[in-house]
Amino acid sequence: YGRVKGGEGEVAGRVREFREMTRRYERMGFFESDYGFYHRKAAVLVALFAAAVTCVLGSDRLSVHALGGVLMALFWQQIAFVGHDVGHNAITHDRHKDWWIGIVVGNLLAGVSMGWWKKNHNTHHVVCNSCEHDPDIQHLPFFAVNPRLFLKPLFSTYYNRIVPVDHLTHLILRHQHLLYYPVMFFARINLYIQSWLHALGVGSAHAQWNRRERQWSALFLAGFALWLSALLAALPSWTSRLVFLALSHGLAGILHVQITLSHFSMPTYCGMPYNSEDDDFLQTQLNGSLDIDCPEWFDWFHGGLQFQVEHHLWPRISRHNLRKVRPELRAFCARHGLRYNEVGFYEANAMVYRKLQETARSAKSLDELFRDSFDMRG
């Protein structure tokens, strides 16, 4: 949080004030969970899942099966928010208990490895929006939010390899702003792939993870595949199965839009942060995060992801308390001349579109790629 000499010595005034805010929030209980909140969420999740299964088993009509797919998408979106909370040990605050909750809500019920997510997401929090280090902005060949990600060879410290870039990558990136929502429709498939790669220890990013945890992860992922396959098998036709799969997975893509809105449009940088007061913890997290302004009654839809600024500064403040700290944080940022990024949902989408469009201009066109290929061949 700053330069310390002799304990609480010479620290920037804003850092000292931020630390005091944090201590006060601890005393006020903002880091503690309201279990009534999570009991209500659990009831909603049970109702959504039961309704989706009922639509599959209780009717032969395609329209009802389609409704079941929509309800399953909503179930996966909402349970992902619980996974996010538990991944930060922000429910029971006991790592062992939260791990078991996470492997149930993540691996078993959503098909997404909690172990993979924690490794990926914790890295993102530490080096938010770093081109070389943050896996949450390393999405080639589909997306790039900085030309540095594809114009020169880039070594990803997360994946421990050079990020591959070829002609196809440039062609996709050239139109990435137009492909943003279509790709998000299918983005859940990538979560399944990354989850299994992690569970099987494929790649240096996953191989050194705790072997026993990876075995449990694989077992619960297999459980997800089993119950989803059984549900699909209960449908009366391939048309119903395809409709259910497309709607449940495609509409759950709104979650991936919500995840990317808060960082894709924000400034990126090369290298490591925390080198000086200009890129200390506060500056790094504030510059790289965006809040989505919404009415309180709509918080259920965003699941806490709309408060990314507050969440990145205090990752373990319980989701239901994030709105409470916003007014003081706004005033704090204004007092110290710090950025506080906040826009509405539709403007956030527009910002991401513009950022992707701007970066796309740096990708090579088909003519340029053709000339490059011709020059290489002599």
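Predicted model: local features only at pLDDT ≥ 70, side-chain atom pairs only at ≥ 80, totals over all residues.
Residues are numbered from 1 along each chain as its sequence is written, and side-chain values use heavy atoms, with hydrogens and water left out. Local features need pLDDT of at least 70 and side-chain atom pairs count only at pLDDT 80 or more, while totals for chains, interfaces and linings use all residues.

A nonpolar core is a set of buried Ala, Val, Leu, Ile, Met, Phe, Trp, Tyr and Cys residues joined through side-chain atoms within 4.5 Å. Buried means under 20% relative accessible area, exposed over 50%, and partly exposed in between (1.4 Å probe, protein chains only). The largest core holds 33 residues. Met72, Phe75, Trp76, Trp227, Leu228, Leu231 and Phe244 touch the most other members. At least two residues each come from α2 (35-57), α3 (62-87), α4, α5, α7 (176-200) and α9. The leading contributor is α2, with 8 residues. Helices are DSSP runs (H or I, at least four residues), numbered from the N terminus. A second, separate core has 26 residues, including Tyr180, Ala187, Met266 and Ile292. Beyond its neighbours within four places in sequence, Trp227 is in contact (heavy atoms within 4.5 Å) with Phe49, Met72, Trp76, Leu108 and Leu109.

Lining residues have an atom within 4 Å of a point. Grid points are joined across faces, edges and corners, and a volume is the space filled by probe spheres set on the points. There are 3 cavities of 30 Å³ or more.

Two or more lining residues come from each of α4 (95-110), α5 (114-126) and α9 (211-233).

The structure holds 0 disulfides (pairs of cysteine sulfur atoms within 2.5 Å). Cys270 is in none, the nearest cysteine sulfur, that of Cys131, being 4.3 Å away. Cys270 is partly exposed, at 43% relative accessible area. Cys294 is buried, at 9%. Its sulfur lies 19 Å from the closest cysteine sulfur, in Cys333, too far for a bond.

Note on methods: 1 Å grid on protein atoms, 1.4 Å probe; cavity = no way out; pocket = protein on both sides within 12 Å on 5 of 7 lines; lining within 4 Å.
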